[in-house]
Amino acid sequence: MALIGRGPELATVTAVVDRARAGGGGALLIAGEPGIGKTALLEHLLTGLAPEDVRVLTTVATERDAHLPFAGVSRLLASVRSHGAALPPAQQAALAGAFDAEDKDEDTADPLPVALATLGLLAEAAARLPLLLVVEDLHLLDAASATALAFVARRLASEPVVLLAALREGLDSPLNNAGLPTLTLKPLDAAHAADVVDARAPGLSPGLRERVLAEAGGNPLALTELAFAARQSHATTTMTTAWLPLSTRLENAFRRRVAALPSRTRTLLVIAAVNDGSPLTEILDVARLVDGEPARVEDLAPAIDAHLIALSGDELRFRHPLSRAAVLSGTSTRRHQAVRAALTKVLDHPIERQIRQSQAAQPPPADDVAAALEEANRRIERPGGVMTAVSALEHAARLVSRPEQRTELLLHAADIAVESGRHDEVVRLLNRAAADPLTAQQQARVTWTSARFQENVHDDADVFTLAALAEEVASGGDTGLALRILWTAARRNFWLESGEDAARYVADLALRLPFDNEPQVLAILAYTAPMTQGAHVIARLKHWAAHPSGDATADRFLGTAAVLVGAFDLAAGFSAASLSGLRAQGRLFQLVGALAARGWSATLLCDLAVAVPSAAEADRLSQETGQTLLQGTARCTKALIAALQGELDDAERLAEESIDLGSSLHARPVLATARMALAQVASARGSFDEALLLLRQLQDPAAAAYHPTLRCYALIDLVDVAQRAHRTEEIRDLVRRMEVIARQTPSTALHVGVRFARAVLAHEDADAERCFLEALAADLTRWPFARARTQLAYGEWLRRRRRDTQARGPLRAARDAFDALGAVAYSERSRRELRASGEAGSERVPRAHELLNPQELQIAMMAAEGLTNREIGEKLHLSHRTVSNHLHRIFPKLGVTSRTALGHLLRSAV
């Protein structure tokens, strides 16, 4: 029967597949209610594909495998695993750790390293023939596989690979949130529904025909099955009695059809249903063991005639999930066990081995909490270990008899589940833990665990409570857990600005408790006491810079500390070291934070060659890893970058998006940075009063954008717009307070601003000129943007005093520096001042890094450093073929033909 009424939908799906044939790729979700025709649409598409044009990889998700990490993606990739030999060793290890039960040395609890390896494997296989990936019942796919496929789906545009995934409408999957296009199948209209009934059951009486159409409601499966049942009925009275609910009728219809099959056919279907996705040859081998005599392909003919299954090459596919469900529900336990035993003997499949091992695993003895925790710690090192450990702890919690033990196990499970990034899972576990009475410490741990989710920073998790919990835990001897809790308290204080008392309490504990992780302690101090502890933190940062830790996580803490105390130049080195290590380890959750911090500090330095790709990648990965707060951070950083580049409309749009995110999260740093970007936009448009109003919000404790740390690093902006608005008297008290703060810390960012303010706000000309010269005499080698802004302000000051000849020198220097940095708005301002001084200005020539988009710039810089395409792909979570495609576009844009020339060009542009 033709695919009635689905012409437009089939055309849409076919167009996506055609992109793979043409060398491009993509993904499409097909959603709809049960029986709406998702499977039929895919089946019709597959029958029309020539195997020499596209290679098809399929998998059907099942409830049986829903809790087995990487089961779905392992089945999907089974036929192309041989191409993994071309992958880098780390990616080969990730695949082996996820798919092979014996290889448990790699910690693949995070599915993202496996996702990168999956992308590489698909790229290698697609180099020979375009690939079509088909996933049915996506909503039943295990979480690890779904996360990996969502990661892959976002990166298929440059690969000859297409992903088609069908899921039940209204059910959730990580791919739903991947920003992929979705084709939603609706019920058939009246005319097409009638065509289906007439094709399936010609000659029905008018009354019976109308009854079938009314009951089916345009659902293709219901139309097909009810029409078939009506045609088979010999007595119309059977069809005129009150009908059962539609889903029950359909299930019964499938069961009756299965029951009518020959015994040998039912056996083959049971084997296929139990081990969905097996090649037909394996099904026949298992059947021989079960029945003791050979089975033939011809034995499947009755099931094919009954429209229960379809054969595609060596694969058996159920035409609808209800077909498989009917087979399993009609199978006795004894028969099911016999099939399982035969499968165990015949199959050598990694997923099958994991199933057997999972079934064989014995739970720890009831009431033995220590044994349960030990078992969870053992499991967490395995592939998919986070959620496996959580399941083990939940199971143990069901077995214990004492409520306090159950609560303890569930709290540990929730703590581990945080690492999975699944907020819903953590909330569920915490709610289960809270069902029993909680001690004060347990209640505090609930608060702490909830607070660890960054997107939850606006919830009522008190900083004092968290800090007190850390102190209590430390007194019990667990300083490692205590430090983690205190870290959460410090971060929360920074993002929410909980007040001086809370910050002082956390900082005091960081100094007083016996912690042995100095990088993390320094980061806590930088979060809570960046000025009062600034001298100590900066001194220790200089020590660590001279004695590298070699540990990516330590470097990340040190980079964060450097950013917060205003040592942006030191932050650059720590960030570079941490990014390299975090990328190599595939730790994307931590990588997002490091990228966001690096992008923000590089933006304030106007090091746009670093800031642009860092902020763009942080924005992209924060969405993929569900870190909403860091998405807001990356987005407001991009707004500030756009303002510096003179892209004012984009800057305004990004800033408003950031404010929406920041307001929903009550995240003051996001709101503060967004106001800084909007102030840059207003200033560039000549709206100096508006810019001053925006920047004063960072200084006003009553404003949502107030932040005691970030306000110190916006001092140059504040003074500059106040001077241009002729309202400097309004900010003198603020500047005096900043000078007092500056006496406590050697923070370069703060001292740069203070020196600038003294020069611009000086009453006497002699004092002003002396202050300008002192500011320019400071060592600003690694702060070229601050130097250029001071030169610009000095040149403007000289020109206002009619000292045009003297003004041209600092104005030229400022213009050239802004040109090199790509600070377009300031370049144009410098040129206007030069023209006003009587010097004809030159046109600005865009620098190399301005001609590329953020990802192209990142790839170009890595290529210029000598990295191979594979190495770049590993770092940026792309396939090496995608990197190659980018470079083919980059070279013509920049007018170069080799990596050597690319390196020379980019180095000369910095």
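**Cavities and confidence**

I looked up the largest cavity and got a volume of about 310 Å³. The model is a predicted one. I then listed the lining: of 20 residues, Phe494, Trp495, Tyr527, Ala597 and Thr633 are the closest to the centre of this cavity. Five helices, H24 (479-496), H28 (552-564), H30 (588-604), H32 (628-644) and H34 (668-684), each give at least two residues to that lining. By type I noted 13 nonpolar, five polar and two charged residues in the lining of the largest cavity.

Next came the second largest cavity, with about 270 Å³ of space. Its lining has 21 residues, and the closest to the centre are Leu604, Tyr713, Ile716, Phe785 and Arg789. Two or more lining residues come from each of H30, H32, H34, H36 (715-724), H38 (748-761) and H40 (784-800). I sorted the lining of the second largest cavity into 16 nonpolar, three polar and two charged residues.

How many cavities of 30 Å³ or more does the whole structure hold? My search found eleven.

Then I checked confidence. The protein chain has a mean pLDDT of 83, with 87% of its residues at 70 or more. Helix H35 (residues 688-696) is highest at a mean of 97, and helix H17 (residues 350-360) is lowest at 44. I marked residues 102-109, where pLDDT is below 50; beyond near neighbours in sequence, the model gives this stretch 28 contacts. Residues 379-385 also stay under 50, and I noted 32 contacts for them beyond four places in sequence. Low pLDDT means that predicted coordinates should not be read in detail.

Methods: Residues are numbered from 1 along each chain as its sequence is written. This is a predicted model: local features need pLDDT of at least 70, side-chain atom pairs count only at pLDDT 80 or more; totals for chains, interfaces and linings use all residues. Side-chain values use heavy atoms; hydrogens and water are left out. On a 1 Å grid over the protein atoms alone, a cavity is a set of points where a 1.4 Å probe fits but cannot get out, and a pocket is an open set with protein on both sides within 12 Å along at least five of seven lines; lining residues have an atom within 4 Å of a point. Grid points are joined across faces, edges and corners, and a volume is the space filled by probe spheres set on the points. Helices (H or I, at least four residues) and strands (E, at least two) are DSSP runs, numbered from the N terminus. Ala, Val, Leu, Ile, Met, Phe, Trp, Tyr, Cys and Pro count as nonpolar, Asp, Glu, Lys and Arg as charged, and the others, Gly among them, as polar. pLDDT is the predictor's confidence in each residue, from 0 to 100. Contact means heavy atoms within 4.5 Å.
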